[in-house]
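Hi,

Here is the structure I promised to pass on.

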Amino acid sequence: MTTVDDVSGPSRLAEPDEAISAEELQLAARNHGIPLEALRYDVTPAGLHYLLIHYDIPDLDPAAHVLTVDGAVDRPLAVSLADLRARPRVSHRVTLECAGNGRALLHPRPVSQPWLVEAVGNAEWTGTPLAPLLREAGLPADAVDVVFTGADHGVERGVEQDYQRALPVAEALREEVLLAYEMNGSPLLPQHGAPLRLIVPGWYGMAHVKWLRSVSVLTEEFTGYQNAVAYRLRQDAEDPGVPVTRIEPRALVRPPGFPDFMSRTRVLRPGPCVLDGRTWSGHAPVVSVEVTIDGGTTWTAADLAGSSDGPYAWRRWRHEWTATPGRYVLSARATDASGRTQPVEQPWNRGGFANNLVQRVEVVVLEG
């Protein structure tokens, strides 16, 4: 008898000297990060924004698409996209980051989508707030979780499933949580969740369910795969772990100069150089960014340039450097108002989640 277990194996860690596999390469070809030079844009163009697609992009007709609100509610709803567009319209700039960003830099490496540091983007999302629909449907006093189901269907670690994630009721009722139908002023692209997706500012990307088709209220904790098994910080396969939720603070360097084709090592000529990049956190505003040019031996405060475009959008930082001939390793690290700071040495976890280890950018400054 053939079962889904025949095509979907358990999670595993790479062997000490194991290279990226053909399966990981296949995932990397479907999913892409932001080109780091695109950190120059306040708003990431849709085609440069990071992308993660768990299964297939579903074939959905916007004109026929209906969102249902059901479960433990007083008045179940069925709402068309036109109905949603007729409701109050809100836009938020929100930085999205994949929970697995940085996974491929861990040792041993969790075998999965092999992200380095580029799984991020900052877009303007437009839609209507979720909370009024939940209130209209009527939440019971004992409501616990709200489950969001996408139209994408597949098999993961032996479990056949629609992609589903849940939020605690208090999080789902935040006024900034959106049912989004536009990205950067245009209708959602197929790969970004058209015709409708969830936007949960401050949370890692797994919570922002794409191709959204139903919202269900539960009076008990959701135990679906993406909440109870995936996206948990654990040390071994038997560890129940704790859930991945909000984005840890991070600063990225926009690589200066020009790159070597294969290694991406940066090449500069001597003289004044402005180092800059972007910084963000899902817990609290970033209050400081420090820069090193010597691989972390010394750190210098950078300037936080201007204000952010809202509490959940990234912010630019900059630092003036006079480059002299030699080899350098550049990094930046962020600290937010909650006291969280990026680590120089990253604590390891089996899924490779929430890895906000500081980025390392190798630079060669030429002689004259």
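Arg-264 is partly exposed, with a relative accessible area of 46%. The cut-offs are these: buried means under 20% relative accessible area, exposed means over 50%, and partly exposed is what falls in between, with a 1.4 Å probe and protein chains only. You'll find Arg-264 in the loop between β14 (258-259) and β15 (266-268). Element names follow DSSP runs numbered from the N terminus, where helices are H or I with at least four residues and strands are E with at least two.

Before you go further: this is a predicted model, so local features need pLDDT of at least 70 and side-chain atom pairs count only at pLDDT 80 or more, while totals for chains, interfaces and linings use all residues. Residues are numbered from 1 along each chain as its sequence is written, and side-chain values use heavy atoms, with hydrogens and water left out.

Ala-354 also has a positive phi, about 55°, and is not a glycine either. This one sits in the loop between β21 (326-336) and β22 (361-365), and at 13% relative accessibility Ala-354 counts as buried.

- His-107 to Pro-108 is cis, with omega near -5°; Pro-108 lies in the loop between β3 (90-97) and β4 (120-129).
- Ala-194 and Pro-195 are joined by a cis bond with omega about 10°; Pro-195 is in the loop between β8 (186-187) and β9 (197-199).

Next, Arg-316. It belongs to strand β20 (residues 315-323) and counts as partly exposed at 28% relative accessibility. What does the side chain of Arg-316 make a polar contact with? The partner is the side chain of Asp-276, at 2.8 Å. (A polar contact is a pair of N or O atoms within 3.5 Å; within protein, one must be able to donate a hydrogen and the other to accept it, and residues adjacent in sequence count only if both atoms are side-chain atoms.) Not counting residues up to four places away in sequence, Arg-316 touches Asp-276, Gly-277, Arg-278, Asp-303, Leu-304 and Ala-305, where contact means heavy atoms within 4.5 Å.

Thr-292 is in strand β17 (residues 286-292) and is buried, with a relative accessible area of 1%. Its side chain reaches the backbone nitrogen of Gly-296 at 3.0 Å. Leaving aside neighbours within four places in sequence, the contacts of Thr-292 include Trp-299, Val-329 and Leu-330.

Now the whole thing. The protein has 5 helices and 22 strands, and 50% of its 368 residues count as buried. Its C-alpha trace spans about 70 × 50 × 35 Å along the principal axes. Among contacts between residues at least 6 apart in sequence, 73% join residues at least 24 apart.
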